[in-house]
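Have the model open beside the text.

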Amino acid sequence: MTEQDQFLAFIARLCLVLLFPFSALNKIFDYQSAMAQAAQGWIPLPPSAAALLLVLGGMLEVGGPLCILFDFYRRQAALLFIFYVIATAVLFHNFWSFPFNSNEWNENFWPFLKNFGLAGGFLYIAADATMQPLRRAFSLSPR
């Protein structure tokens, strides 16, 4: 892969993961809204489960992009994101519960599709990444 191809691949990965650290910040600074959304999903969650999932999701949204950008367990991070965005789509963007083309339907349908688009991008990253031995993951030598 040429240096230009590597740069373009990095920019593509950056564009894919750019929204997640900001999403984590939103969960931190607007915690009450995030908890309310978790309580109103397709499967309403008790506060303790919602808080645990918000913390785990926030950790993935901060650490996952770094892994994907810097080739540190990139495939594993991409696979976790696939699960995360699909689970989020199904649990919290249940457009099928609302009348077709109503405000609630529109507010949930488009984010649902966006999450499946993200899943496709992460699937591409997971398919493109190569599994590396643990020793290489902690190496300081150039990749």
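How many salt bridges does a search of the whole structure find? The search finds 2. Keep in mind that this is a predicted model.

Take K27 and E61 to begin with. They form a salt bridge, with their closest N and O atoms 3.1 Å apart. The pair links distant parts of the chain: K27 sits in helix α2 and E61 in helix α4, 34 residues apart. Both K27 and E61 are buried.

Now turn to R74 and D71. Their side chains meet in a salt bridge at 3.3 Å, N to O. R74 counts as buried because its relative accessibility is 12%, and the cut-off for buried is under 20%.

Next comes helix α1, residues 3-17. Its 15 residues reach 21 Å from the first C-alpha to the last, close to the 21 Å expected at 1.5 Å a residue. Which residues of α1 are buried? They are R13, L16 and V17. These cover an arc of only 85° around the axis, so they lie on the same side of α1. In an α-helix there are 3.6 residues a turn, so residues three or four places apart point the same way. The buried residues of α1 pack against α2, α4, α5 and α6. The face turned away from the buried side carries the exposed residues E3, Q4, F7 and C15.

Finally, look at the surface. L18, F22, L25, I28 and F29 form a nonpolar patch there, with about 590 Å² of accessible area together. I28 belongs to helix α2. Is I28 buried or exposed? I28 counts as exposed, because its relative accessibility is 59% and the cut-off for exposed is over 50%.

How values were computed. Residues are numbered from 1 along each chain as its sequence is written. This is a predicted model: local features need pLDDT of at least 70, side-chain atom pairs count only at pLDDT 80 or more; totals for chains, interfaces and linings use all residues. Side-chain values use heavy atoms; hydrogens and water are left out. Helices (H or I, at least four residues) and strands (E, at least two) are DSSP runs, numbered from the N terminus. The expected span of a helix is 1.5 Å times one less than its number of residues. Buried means under 20% relative accessible area, exposed over 50%, partly exposed in between (1.4 Å probe, protein chains only). The arc is that of the directions from the helix axis to the C-beta atoms. Contact means heavy atoms within 4.5 Å. Patches are made of residues with over 30% relative accessible area and no salt bridge: like charges are joined within 9 Å, nonpolar side chains (Val, Leu, Ile, Met, Phe, Trp, Tyr) within 5 Å. Accessible areas come from the Shrake-Rupley method with a 1.4 Å probe; for residues, only the protein chains shown count as cover. A salt bridge is a side-chain nitrogen of Lys or Arg within 4 Å of a carboxyl oxygen of Asp or Glu.
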